[in-house]
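Welcome! Here is a short briefing to read alongside the structure below.

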Amino acid sequence: NGSANAEYDFNVHNAEFRTVTGNDESTGKNSIRACINQTVTLTNGKELQLRLLEPILVGDLLIPANTLITGPCRIGGERMNVTVTSIQYAGNIVPVQLQVYGTDGQAGISVPGNDAVTAAKEVTSSLASSSGSSIMISDNAGSQLAADLGKGLIQGASQFVSKKMSTVRVTIKAGYQVLLLPKSNN
């Protein structure tokens with residue numbers, strides 16, 4: 001029915017959420033709605049904080065809507081994957097295996113535009129490798145030394161930029177809605 005007062009039962013073995021309110025009717029859905037708690041810029045391995053938009057029952061513990069949960073992110077291609085492995089509520093640590101899905105039904109959160117970062121990394125990498133390939137012949141030892149120092153400076157700078165560019169950063173806005181599903185072990 002989609003009402004905000006519905007409660008859901010997280011069942012790892014059956015990989016579904018079931019209503020536990022009054023009449024015990026099945027909702028016919030297998031996900032829990034959540035959203036990004038606050039606007040944040042992330043890199044691989046950083047924690048993403050989500051806020052439950054619906055209450056869930058995990059085992060015997062009712063975890064209400066608006067509870068904050070976190071999971072580490074892994075950025076790859078145009079998707080950022082997040083898996084929640086535990087929920088802390090009312091002094092309890094509850095182990096879970098929840099995979100974050102986008103509202104497009106695909107695993108992970110869509111992070112379009114990562115191709116631009118990849119292209120910039122390739123250009124920088126190319127610059128770093130090509131900057132050491134030129135050979136300069138000079139009859140003046142001073143100008144040769146200056147050229148070598150300049151070449152070293154360019155290589156160092158391009159390697160620094162290359163390292164900085166290889167750290168992919170993704171910004172996710174507060175309120176961005178996602179779906180939580182039990183992680184499949186297939």
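The accessible surface of the protein chain comes to about 10900 Å², with carbon and sulfur atoms holding 52% of that area (Shrake-Rupley method, 1.4 Å probe; for residues, only the protein chains shown count as cover). This is a predicted model, where local features need pLDDT of at least 70, side-chain atom pairs count only at pLDDT 80 or more, and totals for chains, interfaces and linings use all residues. Residues are numbered from 1 along each chain as its sequence is written, and side-chain values use heavy atoms, leaving out hydrogens and water.

**Overall make-up**
- The protein chain has 2 helices and 13 strands (DSSP runs: H or I of at least four residues for helices, E of at least two for strands, numbered from the N terminus).
- Of its 186 residues, 31% count as buried (under 20% relative accessible area, 1.4 Å probe, protein chains only).

**Strands to look for**
- Strand β5 (residues 47-52) pairs with strand β8 (residues 68-76) in the antiparallel sense over 5 bridges (pairing needs at least two DSSP bridges), and Q49 stands opposite T70 in β8.
- Strand β8 also runs antiparallel to strand β9 (residues 79-89), joined by 4 bridges, with R74 opposite N81 in β9.
- In the hairpin of β8 and β9, 2 residues lie between the strands, and G77 takes a positive phi near 65°.

**The nonpolar core**
- The largest nonpolar core has 29 residues, and L48, L50, M80, I87, I109 and L180 touch the most other members (a core is a set of buried Ala, Val, Leu, Ile, Met, Phe, Trp, Tyr and Cys residues joined through side-chain atoms within 4.5 Å).
- Beyond neighbours within four places in sequence, the contacts of L48 include I36, V40, M80 and I109 (heavy atoms within 4.5 Å).

Definitions and conventions:
Buried means under 20% relative accessible area, exposed over 50%, partly exposed in between (1.4 Å probe, protein chains only).
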